[in-house]
Amino acid sequence: MADTLTKLTYQTFQQSKNYFGLAHKILSTRLMSLVSPSDRKSKPLPLDVLQKIHQRYERLLEVDWQDAEAGVYPHNILFDNPWDEFFLYYPAVWFDLPQIWERAKQKNYQDFDPNLETAGYPSYYLQNFHHQTGGYLSDLSANLYDLQVEILFGGSADAMRRRILVPLKQGLSAFDDVPASQIKVLDIACGTGRTLKMIRAALPKASLFGTDLSPAYLRKANQMLSQIPGELPQLLQANAEELPYMDNYFHATTSVFLFHELPAVARQQVIEDAFRVTKPGGKFIICDSIQMSDSPEMEPAMTGFYETFHEPYYRHYMTDDLVERLEKAGFENVTTDVQYMSKILVARKPA
């Protein structure tokens, strides 16, 4: 009875986030049509695509619940929601919208405050991804990012992130002879640290590491991760193409929602450097957007994504062969899985 009640609570919690995200999108779209009307009209998704998206969403919730039931991660992680930050930053999401609308209308994709330091970053990174203010370089962007992504995906972003945890724990079974405290896991492009927080819940004793190009996002990650029990993950500002670690250092490496925001050359280089720093027998686990190869029926949603949001490398990503890229770098036994609007790739470095 207790499990049934907990599951019902979880489903209700997720559905409420889904409805909230939908309501936000409807209200913001109507407000935009009044305040900042655009000549370009977005195409509504066909009914059959919407039905398939809903079916995928329901399956995602069921898999998420079953993984918690199986002990992959504690049940309380299913209800993790930073309510204090929600009430603090949700008004800021609305106040920021006029700038986003104007930026999108003017196609101003490299709009940065002159006080932000932009020197030293790769040119492909200096973009207002999603039209967001400050790109990935401002504290405002870091504070709003998780909330914006949850709204975008109807409250399912964390559930998609958690899909890396099963293959991560399975992959680490190859190192059963290593004490849990000596297991080292790297999250590449860790952003605000949401994925690292989930990995900590699943692997309470492991040594966790995170890299990101944005000092603002690393400040945000350090702030959040320092509030949870366990050893504080070691965070470094670094380009994922040149990870500042020795060869064969990590028992597993992960990356969530990075590859669709990289041009093709950088995509390959990040994979090759992930191969370099992963120990023989270790796994590299990617969670990113679905692609045409696995979800051709979702083409209208994928096209709508890059047409509505500023995602300059997504169109190429849609048809890119990540399995081939992983194998080219030296990984083997690459498997793929689709969960809702995300795709999980698991690759093994030969022992």
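Colleague: Why does phenylalanine 257 count as buried?

Modeller: In this predicted model, phenylalanine 257 has a relative accessibility of 12%. Buried means under 20%, so the residue at 12% is placed in that class. Phenylalanine 257 lies in the loop between strand S4 (250-256) and helix H9 (264-277).

Colleague: Why is alanine 189 called partly exposed?

Modeller: The relative accessible area of alanine 189 is 22%. The partly exposed class runs between the buried limit of 20% and the exposed limit of 50%, and therefore alanine 189 belongs to it.

Colleague: How do you know that the span of helix H3 agrees with its number of residues?

Modeller: Helix H3 comprises 24 residues, 83-106, and at 1.5 Å a residue these should span 34 Å. Its end C-alpha atoms are 34 Å apart, so expectation and model agree. Among the buried residues of H3 are Tyr89, Tyr90, Val93, Leu97 and Trp101. Just after the helix, lysine 107 takes a positive phi of about 55°.

Colleague: What makes arginine 194 and aspartate 80 a salt bridge?

Modeller: Their closest N and O atoms are 3.3 Å apart. The criterion asks for a side-chain nitrogen of Lys or Arg within 4 Å of a carboxyl oxygen of Asp or Glu, so the pair qualifies. Arginine 194 lies in helix H7 and aspartate 80 in the loop between H2 and H3, so the bridge ties together parts that are 114 residues apart in sequence. Arginine 194 counts as buried at 6% relative accessibility, whereas aspartate 80 is partly exposed at 21%. Both residues belong to a network of salt bridges that also includes Asp146, Asp158, Arg161 and Lys197.

Colleague: How many salt bridges does a search of the whole structure find?

Modeller: The search finds 20 salt bridges. One of them joins the side chains of arginine 276 and aspartate 247, at 2.8 Å from N to O. This pair links helix H9, which holds arginine 276, to the loop between strand S3 (234-237) and S4, which holds aspartate 247, across 29 residues.

Colleague: Why is aspartate 247 called partly exposed?

Modeller: Its relative accessible area is 49%. The exposed class requires over 50%, so aspartate 247 remains partly exposed.

Colleague: What makes aspartate 294 and lysine 343 a salt bridge?

Modeller: The two side chains meet at 2.9 Å, N to O, and the limit is 4 Å. Aspartate 294 lies in the loop between strand S5 (278-289) and helix H10 (299-308) and lysine 343 in strand S7 (residues 342-348), so parts 49 residues apart in sequence are tied together. Lysine 343 counts as buried at 5%, while aspartate 294, at 23%, is partly exposed.

Colleague: Why is aspartate 273 called buried?

Modeller: Aspartate 273 has a relative accessible area of 7%, and buried means under 20%; the residue is therefore buried. Aspartate 273 is found in helix H9. Leaving aside residues up to four places away in sequence, it touches Ala240, Glu241, Glu242 and Leu243.

Notes
Residues numbered from 1 in each chain as written. Predicted model: local features only at pLDDT ≥ 70, side-chain atom pairs only at ≥ 80, totals over all residues. Heavy atoms only, no water. Helix = DSSP H or I, 4+ residues; strand = E, 2+ residues; numbered from the N terminus. Expected span 1.5 Å × (residues − 1). Buried < 20%, exposed > 50% of the residue type's maximum accessible area, 1.4 Å probe, protein only. Contact = heavy atoms within 4.5 Å.
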